[in-house]
There are 2 protein chains.
Amino acid sequence: MLTAALSLIRRHGFAATSVDELCAAAGVTKGAFFHHFRSKEDLGVAAARHWSEITGTLFATADYHDLPDPLERIYGYLDLRASLAVGGVPDFTCLAGTMLQETYDCHPPVGEASYASITGHAATLEPDFQAAIDLYGIKGCPSARSLALHTQTVLQGAFIQAKGKGDAEPVHEALEHLRRYFNFLFPRPVEGSP
Amino acid sequence: MLTAALSLIRRHGFAATSVDELCAAAGVTKGAFFHHFRSKEDLGVAAARHWSEITGTLFATADYHDLPDPLERIYGYLDLRASLAVGGVPDFTCLAGTMLQETYDCHPPVGEASYASITGHAATLEPDFQAAIDLYGIKGCPSARSLALHTQTVLQGAFIQAKGKGDAEPVHEALEHLRRYFNFLFPRPVEGSP
DNA sequence: GGCAACATACCGACTGGTTGGTATGTTGCG
DNA sequence: CGCAACATACCAACCAGTCGGTATGTTGCC
């Protein structure tokens with residue numbers, strides 16, 4: 001049921017996804033739906049949490065965490081995000097960003113749960129940014145938290161561009177800009193220099 | 001009528017804005033509405049175009065164009081964007097991005113008009129980026145077009161973050177990152193050096 | 001074991017209100 | 001007059017949510 005919700009909401013948005021439609025897609029009756037969820041808003045919150053779980057385990061179990069260099073872990077994360085941005089637009093865009101846009105004012109609980117999903121994911125990047133700052137120093141003075149959030153800002157914006165263009169290319173381009181920015185921020189010692 | 005549409009859609013989204021609600025807000029009857037617009041989808045397209053016009057004249061008549069240095073014009077643009085990001089969230093966020101997110105799949109004409117608004121605005125920045133590249137050179141090799149689009153990507157992402165946080169702070173932070181990125185990209189000669 | 005009392009999971013017809021959209025006036029101006 | 005700009009009344013489809021009912025456990029007491 002939640003799986004069907006993720007798919008439908010990512011495609012049509014929260015408001016445009018009806019309970020009937022969702023039930024049909026999930027192969028359950030309306031009675032079953034309202035047995036498990038108090039309201040449609042309740043489903044939205046549950047969907048955001050489910051999204052957090054799915055993406056949480058996906059990124060938590062990713063290989064890039066094993067890299068010894070924190071900066072390499074950050075680049076590994078960007079590579080992973082790029083490798084995920086393939087196929088149809090509704091298949092790689094972010095449920096949380098989509099729902100947040102249209103529920104922040106009308107359905108605050110859904111918006112809050114969606115925002116928590118984004119900030120929660122950003123928080124998992126913060127230690128690597130902090131370690132990179134500690135190890136390499138940083139030009140300018142953005143904090144690890146700010147950099148982690150900015151990464152998500154760029155990705156969310158890239159998803160909007162992808163929805164307009166109809167393919168994943170804007171995501172890859174945005175990730176390149178992000179990589180270049182980080183490259184400027186963290187001045188790595190040249191290989192083989194003293 | 002279009003003015004009311006902009007306000008309502010930015011607040012509630014396209015799907016959650018009903019024709020009745022819109023008519024009430026605009027102080028017209030439903031008959032008048034369907035006299036001017038063939039359908040709700042038609043209104044969406046018109047709203048996107050109206051948005052393009054409003055923002056188009058706003059930025060076209062801005063002072064930063066008068067600066068002699070193209071890079072200063074870019075920074076002037078960023079300053080202007082920052083100065084616009086004040087007050088309530090629905091008052092400074094982007095209609096085009098909001099509509100694009102929820103109509104790209106269900107109402108392609110609305111999505112396309114919204115995307116055209118974003119890319120059209122980005123195109124107005126391109127000459128300044130190109131002039132900056134020509135004047136200062138550039139580190140890495142992003143094109144003027146790519147930089148102009150990236151600026152919008154970051155802003156769109158920042159608007160999503162602002163909707164989550166409930167205020168404009170994420171927009172200002174994102175613009176700072178953008179400014180820092182451009183600062184790295186365009187190596188300006190130090191004041192007073194040969 | 002047997003059986004009553006209760007709990008959970010689910011069904012699907014139904015409701016009151018809302019939706020986008022239409023069909024048929026009415027008004028006012030050139 | 002004629003025609004554009006509206007207003008009014010209305011419609012079928014759809015919406016989220018309800019409700020009486022059923023099937024299947026689960027518990028606890030004798």
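A:Gly157 is the residue of chain A that comes closest to the rotation axis, with its C-alpha at 1.9 Å. The model is predicted, so local features require pLDDT of at least 70 and side-chain atom pairs count only at pLDDT 80 or more, whereas totals for chains, interfaces and linings use all residues. Residues are numbered from 1 along each chain as its sequence is written, chains are lettered from A and ligands numbered from 1 in the order in which they are written, and side-chain values use heavy atoms, with hydrogens and water left out.

## Exercise 1: Symmetry

Determine by what turn and what shift chain A can be laid on chain B.

*Solution.* 
- Step 1. Superposition is done by least squares on the C-alpha atoms of residues with pLDDT of at least 70 in both copies.

## Exercise 2: The fold of chain A

State how many helices and how many strands chain A has.

*Solution.* 
- Step 1. Helices (H or I, at least four residues) and strands (E, at least two) are DSSP runs, numbered from the N terminus.
- Step 2. Chain A contains ten helices and zero strands.
- Step 3. The C-alpha trace of chain A spans about 70 × 30 × 30 Å along its principal axes.

## Exercise 3: The contact between the chains

Describe the contact of chain A and chain B by its residues, its buried area and its polar contacts.

*Solution.* 
- Step 1. Chain A gives 43 residues to the contact, and chain B gives 43 residues.
- Step 2. About 3,900 Å² is buried between chain A and chain B, 63% of it on carbon and sulfur atoms. Buried area is the accessible area (1.4 Å probe) that two parts lose on being put together, summed over both.
- Step 3. A:Gln101, A:Tyr104 and A:Gln161 supply 18% of the area that chain A buries against chain B, more than any other three residues.
- Step 4. Between chain A and chain B, 17 residue pairs are in polar contact (both at pLDDT 80 or more). A polar contact is a pair of N or O atoms within 3.5 Å; within protein, one must be able to donate a hydrogen and the other to accept it, and residues adjacent in sequence count only if both atoms are side-chain atoms.
- Step 5. Helix 9 of chain A gives the largest share of the side that touches chain B, 15 residues.
- Step 6. This side of chain A divides into 20 nonpolar, 14 polar and nine charged residues. Ala, Val, Leu, Ile, Met, Phe, Trp, Tyr, Cys and Pro count as nonpolar, Asp, Glu, Lys and Arg as charged, and the others, Gly among them, as polar.

## Exercise 4: The DNA strands

Identify which helix gives the most residues to the surface near DNA strand C, and which gives the largest share near DNA strand D.

*Solution.* 
- Step 1. A residue is near a strand if one of its heavy atoms lies within 4 Å of it.
- Step 2. DNA strand C is surrounded by 13 residues, the closest being A:Thr29, A:His36, B:Val19, B:Lys30 and B:Lys40.
- Step 3. Phosphate oxygens of DNA strand C lie 2.7 Å from a polar side-chain atom of A:Thr29 and 2.5 Å from a polar side-chain atom of A:His36.
- Step 4. With four residues, helix 3 of chain A gives the most to the surface near DNA strand C.
- Step 5. For DNA strand D, a base nitrogen is 2.8 Å from an N or O atom in the side chain of A:Lys30, and a phosphate oxygen is 2.6 Å from an N or O atom in the side chain of B:Thr29.
- Step 6. Helix 3 of chain B provides the largest share near DNA strand D, four residues.
- Step 7. The surface near DNA strand D has three nonpolar, seven polar and two charged residues.

## Exercise 5: Salt bridges

Find how many salt bridges the structure holds over all chains, and how many cross the interface of chain A and chain B.

*Solution.* 
- Step 1. A salt bridge is a side-chain nitrogen of Lys or Arg within 4 Å of a carboxyl oxygen of Asp or Glu.
- Step 2. One salt bridge joins A:Asp79 and A:Arg179, whose closest N and O atoms are 2.6 Å apart.
- Step 3. Because A:Asp79 lies in helix 5 (residues 70-84) of chain A and A:Arg179 in helix 10 of chain A, the pair ties together parts that are 100 residues apart in sequence.

Notes
Contact = heavy atoms within 4.5 Å.
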